Amino acid sequence: MTQTVQDSDQLHRDALTVLQPGFEGSTPPEWVHRHIAAGLGSVALFGRNVTDQAQLAALTAELRRENPDLLIAIDEEGGDVTRLEVGSGSSWPGNLALGAIDDPALTRDVARELGRALAECGVNFNWAPAADVNSNPGNPIIGVRSFGADPELCARHTAAWVEGLQEAGVAACAKHFPGHGDTNVDSHHGLPLIDVDEELVRARDLPPFRAAVAAGVKALMSAHIMIPALDPQFPATLSAAVLGGLLRAPESAGGLGYQGLIVTDAIEMGAIADTYGIARGTVLALAAGADAICVGGGLCDEETVLELRDAIVAAVREGRLAPERLADAAARVRELGSWARQGRLKAPVEPDLSIGLRAARRALKVTADPARPFVPVTDRPFVASFSPESNIAVGDDTPWGVAGMLAERFPGTRSRGIGPEQAGEAELDALVTDLLAAAEGRRLVLVVRDVHRHDWMSAALRLLLNARPDSLVVEMGVPQARPAGALHIATHGAARVCGLAAVEVLTGQPTVSR
């Protein structure tokens with residue numbers, strides 16, 4: 001009887017260990033502490049949990065009260081996707097900017113500085129870098145989060161980023177295996193289908209993940225995508241052929257030979273939740289070979305943790321999940337927690353607070369109209385910023401653009417944000433007329449983001465440039481469209497430092513502070 005009780009206790013503990021849940025607020029609720037004491041192996045932090053770095057350091061210290069080996073995870077890619085600086089924008093350019101520079105040593109240094117900042121705040125597990133090859137220019141969720149469209153470029157920078165982050169004692173997590181770059185559906189909303197042959201997946205999408213494994217990456221994150229050539233029945237997150245086969249199998253058998261932690265992308269995303277449900281999806285993912293279940297970007301309450309814990313326990317008792325598979329998954333979580341604790345004991349990395357801006361400057365691509373000599377902005381301009389629909393990975397709370405930065409330099413600067421709802425076909429002419437009237441007598445700065453993906457934005461830009469060919473254009477997304485305007489600046493991302501670098505060019509003045 002005693003042995004049965006002990007087995008039951010361990011089963012519940014292992015079921016909690018493999019979960020990576022989030023919570024609301026800047027301090028942990030009581031239920032989080034209670035579940036950490038009961039075996040929870042990881043906690044996930046999001047922008048809603050961060051007010052500043054001092055608060056974050058206090059939060060992580062409190063979370064470790066019951067377990068010094070607790071994995072504290074965050075989604076800090078730098079660039080457009082930041083949680084550490086959600087209220088101000090990132091101090092580090094993102095992947096596309098680093099890929100545009102193509103200096104792996106710089107990528108390593110940027111990731112090391114980002115890792116230093118995370119480690120200083122007590123975060124030891126980062127769901128980054130994105131190793132996806134952005135082979136589809138219309139991709140709605142990857143874009144600037146990728147190093148680029150070339151597999152070998154993505155591979156060398158993925159490896160450099162992993163090495164830099166882990167030198168700071170923070171576990172890297174390359175994502176989204178086996179590659180989310182050729183999708184036209186956001187897996188937060190639906191299940192993307194990549195209908196290509198296996199040979200193309202191996203040649204195009206796998207090189208960055210092979211490079212990450214070779215670089216010693218501590219974790220890989222699965223993608224909620226269907227690739228029938230790899231598994232005609234299940235998406236990658238739930239596929240034993242993808243996780244237990246392609247990823248774990250030795251290289252001699254055609255796999256990547258990876259033996260570290262596998263974590264799922266958020267299990268409550270539409271691709272899984274709407275198709276399988278979060279409880280069944282969790283069990284299927286663990287059975288397929290995942291070791292940790294990310295949840296909490298949307299569902300961040302105790303009820304969700306209890307639902308998933310109980311689903312795992314029931315699956316083991318009913319024979320749908322082998323107890324050895326769960327024990328193996330829990331052991332990998334604890335092993336990474338132990339590694340991360342040792343990382344916190346290492347000598348601190350020397351800070352380099354200016355590296356992000358230096359990198360952002362190098363990433364700029366500036367194209368001038370030879371017929372119009374460029375004259376820097378020296379007085380109050382008018383800035384029109386065209387905002388596409390929000391990308392869930394980026395979020396709504398992080399500021400972007402150059403309007404505020406120009407207003408700091410030139411008080412009296414006027415600006416307007418324009419979204420797709422304001423620029424429909426019927427409203428477009430009136431909108432352009434209104435913007436031109438508001439900008440009369442001022443330099444006109446047009447800020448866009450992925451203009452090639454948005455017909456309404458492209459149409460508005462064309463009409464404005466026809467009327468004001470002297471306009472200055474700043475593209476802060478993927479610069480796929482032809483450069484336009486008297487001066488065109490491609491920043492390769494919307495991080496705060498990318499905006500600062502663009503403003504330096506627009507004004508001909510260096511940034512005074514970081």
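1. Basis of the note. This is a predicted model, in which local features need pLDDT of at least 70, side-chain atom pairs count only at pLDDT 80 or more, and totals for chains, interfaces and linings use all residues. Residues are numbered from 1 along each chain as its sequence is written, and side-chain values use heavy atoms, with hydrogens and water left out.

2. Strand β13 and its neighbours. Helices (H or I, at least four residues) and strands (E, at least two) are DSSP runs, numbered from the N terminus. Two strands are said to pair if DSSP finds at least two bridges between them. Strand β13 (residues 472-475) is joined to strand β14 (residues 487-490) by 4 bridges, and the two run parallel. Strand β12 (residues 444-448) also pairs with β13 in the parallel sense, over 4 bridges. In that pairing, Leu446 has Val473 of β13 as its bridge partner. Between β12 and β13 the chain passes through helix α17 (residues 455-467), and this β-α-β crossover is right-handed (with the strands pointing away from the viewer, the path from the first strand over the helix to the second runs clockwise).

3. Burial of β13. In a regular strand the side chains alternate between the two faces of the sheet. Both faces of β13 are covered: Leu472 and Val474 are buried on one side, and Val473 and Glu475 are buried on the other. Buried means under 20% relative accessible area, exposed over 50%, and partly exposed in between, with a 1.4 Å probe and protein chains only.

4. The six-stranded sheet. An open sheet is formed by 6 strands in the order β2-β3-β4-β5-β6-β7, with parallel pairing. Its edge strands are β2 (42-45) and β7 (261-264), each of which pairs on one side only. Strand β4 (residues 125-126) and strand β5 (residues 171-177) pair in the parallel sense over 2 bridges. Within this pairing, Asn126 stands opposite Ala172 in β5. Helix α6 (residues 151-167) packs on the sheet and touches β4 and β5, and its direction makes about 150° with that of β5. Contact here means heavy atoms within 4.5 Å; axes are lines fitted to C-alpha atoms, for helices over the stretch in contact, and angles run from 0 to 180 degrees between N-to-C directions.

5. Helix α7. Which residues of helix α7 (residues 198-205) are buried? They are Val201, Arg204 and Asp205. These residues lie on the same side of α7, because they cover an arc of only 90° around the axis (the arc is that of the directions from the helix axis to the C-beta atoms). The buried residues of α7 pack against α6 and α8 (207-214).

6. Cysteines. A search of the whole structure finds 0 disulfides, a disulfide being a pair of cysteine sulfur atoms within 2.5 Å. Cys121 is in no disulfide, and the nearest cysteine sulfur, that of Cys173, is 19 Å away. Cys173 is likewise in no disulfide, the nearest cysteine sulfur being that of Cys294 at 9.0 Å. Cys121 is buried at a relative accessible area of 2%, and Cys173 is buried at 0%.

7. Cis peptide bonds. The peptide bond from Ala128 to Pro129 is cis, with omega near 10°; Pro129 lies in the loop between β4 and α6. A cis peptide bond also joins Lys175 and His176, with omega about 0°, and His176 is found in strand β5.

8. Positive phi values. Asp450, a residue other than glycine, has a positive phi near 60°. Asp450 lies in the loop between β12 and α17 and is buried, with a relative accessible area of 12%. His492 is not a glycine either, and its phi is positive at about 60°. His492 is found in the loop between β14 and α18 (496-507), where it is buried at a relative accessible area of 10%.

9. Val394. This residue is found in the loop between β10 (382-386) and α15 (403-409). Val394 counts as buried at 11% relative accessibility. Not counting residues up to four places away in sequence, Val394 touches Asp80, Val81, Arg83 and Arg449. Val394 and Gly270 are 124 residues apart in sequence and 17 Å apart in space, C-alpha to C-alpha.
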